[in-house]
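Please open the model in your viewer and keep the selection tool at hand. The tour goes from one selection to the next, and at each stop it says what to look for.

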Amino acid sequence: PEWETSTTITVADGLKQLRSSRVQFNYANVHLMDKRYDEALATYQRAIQIDPTDHDSLPLYHAGQILFYQGHHVEAERYLHKAVS
């Protein structure tokens, strides 16, 4: 059942609440913890796109970190710069 653990709740919410940047951020964190980096990156980017004026820098930071470790340094720098601006 989807309400067994905090992770299953987060996944269930992430699949249903596609317009919430906070829910998508939390869902991306689950992907990141499971080392599913491409899924995590796409979900962090979704969180950023939902509310581009959100002042929470963590989705930008995590997306930048993933891109950096994947060797996409120019794109990573753009995300990381926005995270600290």
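Which residues are buried in H2? Before selecting them, keep in mind that this is a predicted model.

**First stop: helix H2**

Select helix H2, residues 21-33, and colour Ser21, Val23, Gln24, Phe25, Tyr27, Ala28, Val30 and His31, which are the buried residues of this helix. If you then show helix H1 (6-16), H3 and H4, you will see elements that are among those covering the buried residues of H2. The helix has 13 residues, and from its first C-alpha to its last it reaches 18 Å, which is close to the 18 Å expected at 1.5 Å a residue. Just after H2, select Lys35, whose phi is positive, at about 60°.

**Second stop: Gln24**

Stay in helix H2 and select Gln24. This residue counts as buried because its relative accessible area is 0%, the cut-off for buried being under 20%. To see the rest of the surroundings, show Gly14, Gln17, Leu18, Thr43, Ala47 and Ile50, which, like Arg46, are touched by Gln24 when residues up to four places away in sequence are not counted.

In soluble globular proteins, nonpolar side chains tend to be buried together. In this model the largest nonpolar core has 14 residues, and the ones to select are Tyr44, Ala63 and Tyr79, which touch the most other members. Helices H2, H3 (37-50), H4 (58-69) and H5 (73-84) each supply at least two residues of this core, and H3 gives the most, with five residues. Centre the view on Tyr79 and look for Gln45, Ile48, Leu60, Ala63, Gly64 and Leu67, with which Tyr79 is in contact once its neighbours within four places in sequence are left aside.

**Fourth stop: the charged pairs**

Side chains of opposite charge can pair when their charged atoms come close. How many salt bridges are there in this model? The count comes to three, and each can be selected in turn.

Begin with Asp56 and Arg22, which form a salt bridge with their closest N and O atoms 2.3 Å apart. Asp56 lies in the loop between H3 and H4 while Arg22 belongs to helix H2, so this pair ties together parts that are 34 residues apart in sequence. Are the two partners buried or partly exposed? Asp56 counts as buried, at 19% relative accessibility, whereas Arg22 counts as partly exposed, at 40%.

Next, select Asp34 and Arg36, whose side chains meet in a salt bridge of 2.9 Å, N to O. Asp34 is partly exposed at 43% relative accessibility, and Arg36 is likewise partly exposed, at 31%.

Finish in helix H5 with Glu75 and Arg78, which lie three residues apart, or about one turn of the helix. They form a salt bridge in which the closest N and O atoms are 3.6 Å apart. Glu75 counts as partly exposed at 30% relative accessibility, and Arg78 counts as partly exposed at 42%.

Notes. Residues are numbered from 1 along each chain as its sequence is written. This is a predicted model: local features need pLDDT of at least 70, side-chain atom pairs count only at pLDDT 80 or more; totals for chains, interfaces and linings use all residues. Side-chain values use heavy atoms; hydrogens and water are left out. A nonpolar core is a set of buried Ala, Val, Leu, Ile, Met, Phe, Trp, Tyr and Cys residues joined through side-chain atoms within 4.5 Å. Buried means under 20% relative accessible area, exposed over 50%, partly exposed in between (1.4 Å probe, protein chains only). Helices (H or I, at least four residues) and strands (E, at least two) are DSSP runs, numbered from the N terminus. Contact means heavy atoms within 4.5 Å. The expected span of a helix is 1.5 Å times one less than its number of residues. A salt bridge is a side-chain nitrogen of Lys or Arg within 4 Å of a carboxyl oxygen of Asp or Glu.
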